[in-house]
Amino acid sequence: KRWLVRKLVTDPHAAFLHGRLSGIALRLEFDTTIDAPLFIETRIVQYLIRLIARVSFRTPEGNWTNPRLALIDTGSPVSVIPRSIWQNAAHAFLTGETTIDIGGMTVSGRLGLVTLCLQDAHTLSPFLRVKAHLIWEDTLPLILGFSDVLTQVTLVSDFQTNLAYVLFRP
């Protein structure tokens, strides 16, 4: 019994599953593919595993966009939103033009503010006001970074059991 109490105190996933932690949980998905160029060249199987969320953005009219797939990137300090997505969302620019280095490339854009919500098949998250790099290009995927997104939730990612979710606490 002491082990369970200790686990509930230190592990939000265990606490949530045992009803000791309340909030809104939204399921995430794992996208798993094989690194084809590496396999073709070396015959080594290397899995590329990405954590995926479904995201909708508030439009200038006050509606919501259709959900888009976003990569959850714990290594990205700020979210990155390509032009084809942010141009249909209500947004406000916060800075002048800047460049950022991400994924081995340099892209241009501006730091901006958008409102989004995460969703799964059954649940919508509370709205999040998010500062993000609104980039001019569509060369990068939609990326949810730490600031204003992962700082607002408890992230649980257990690839071995194919269970991943974000927990919005009351």
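Predicted model: local features only at pLDDT ≥ 70, side-chain atom pairs only at ≥ 80, totals over all residues.
Most residues other than glycine have a negative phi, and most peptide bonds are trans. With a relative accessible area of 15%, Asp148 falls under the 20% limit and therefore counts as buried.

Asp148 forms a salt bridge with Lys131, and the closest N and O atoms of the two are 3.1 Å apart. The pair links distant parts of the chain, since Lys131 belongs to strand E8 while Asp148 sits in the loop between E9 and E10, 17 residues apart. The two partners fall into separate accessibility classes: Lys131, at 34% relative accessibility, counts as partly exposed, whereas Asp148, at 15%, counts as buried.

How many salt bridges does a search of the whole structure find? The search finds 2, and one of them joins the side chains of Arg54 and Glu29, with an N to O distance of 3.1 Å. Arg54 lies in strand E3 and Glu29 in strand E2 (residues 29-34), so this pair ties together parts that are 25 residues apart in sequence. Arg54 is partly exposed, with a relative accessible area of 34%, and Glu29 is also partly exposed, with a value of 36%.

A positive phi is found at Arg43 too, where the angle is near 65° in a residue other than glycine. Arg43 lies in the loop between H3 and E3, and its relative accessible area of 58% makes it exposed, in contrast to the buried Asp148.

## Strand E8 and its partners

Of the 8 residues of strand E8 (residues 128-135), 6 are buried, so the strand is largely enclosed by the rest of the structure. Strand E8 pairs with strand E5 (residues 79-81) in the parallel sense over 3 bridges, and the bridge partner of Ser79 in E8 is Ala132. With E7, strand E8 pairs in the antiparallel sense over 8 bridges; here Leu113 stands opposite Lys131 in E8, the residue that also forms the salt bridge with Asp148.

His133 likewise has its place in strand E8, and it is buried, with a relative accessible area of 17%. Not counting residues up to four places away in sequence, His133 touches Val78, Ser79, Val80, Ile81, Thr98, Ile100, Arg110 and Leu111.

## Met105 in strand E7

Met105 is located in strand E7 (residues 105-119), and at 31% relative accessibility it counts as partly exposed. Leaving aside neighbours within four places in sequence, Met105 is in contact with Ile100, Thr139 and Leu140. Leu140 is 35 residues from Met105 along the chain, and the C-alpha atoms of these two residues are separated by 9.4 Å.

An open sheet is formed by 3 strands in the order E1-E11-E10, with antiparallel pairing. Strand E1 (24-27) and E10 stand at the edges, and each has a single partner strand, so one side of each is left without a neighbour in the sheet. From one strand to the next, the twist averages 20°. Strands E10 and E11 are joined by 5 bridges, and in E11 the bridge partner of Thr154 is Leu167.

## A nonpolar surface patch

Which residues make the nonpolar surface patch of about 660 Å²? The patch consists of Ile34, Phe39, Ile40, Val45, Tyr47, Ile49 and Phe159. Helix H3 (36-42) and strand E3 (47-57) are the elements that give two or more residues to the patch. Phe159 is found in the loop between strand E10 (154-158) and strand E11 (163-168), and at 41% relative accessibility it counts as partly exposed.

## The chain as a whole

The protein chain contains 4 helices and 11 strands, and buried residues make up 39% of its 170 residues. Among its contacts with a separation of 6 or more, 57% are accounted for by residues 24 or more positions apart. The chain exposes about 10000 Å², of which carbon and sulfur atoms supply 54%.

Technical notes:
Residues numbered from 1 in each chain as written. Heavy atoms only, no water. Patch = residues over 30% accessible without salt bridge, like charges linked within 9 Å, V, L, I, M, F, W, Y side chains within 5 Å. Areas by Shrake-Rupley, 256 points an atom, 1.4 Å probe, with all protein chains shown as cover. Salt bridge = Lys/Arg side-chain N within 4 Å of Asp/Glu carboxyl O. Buried < 20%, exposed > 50% of the residue type's maximum accessible area, 1.4 Å probe, protein only. Pairing = 2+ DSSP bridges. Axes fitted to C-alpha atoms, helices over the stretch in contact; angles between N-to-C directions. Contact = heavy atoms within 4.5 Å.
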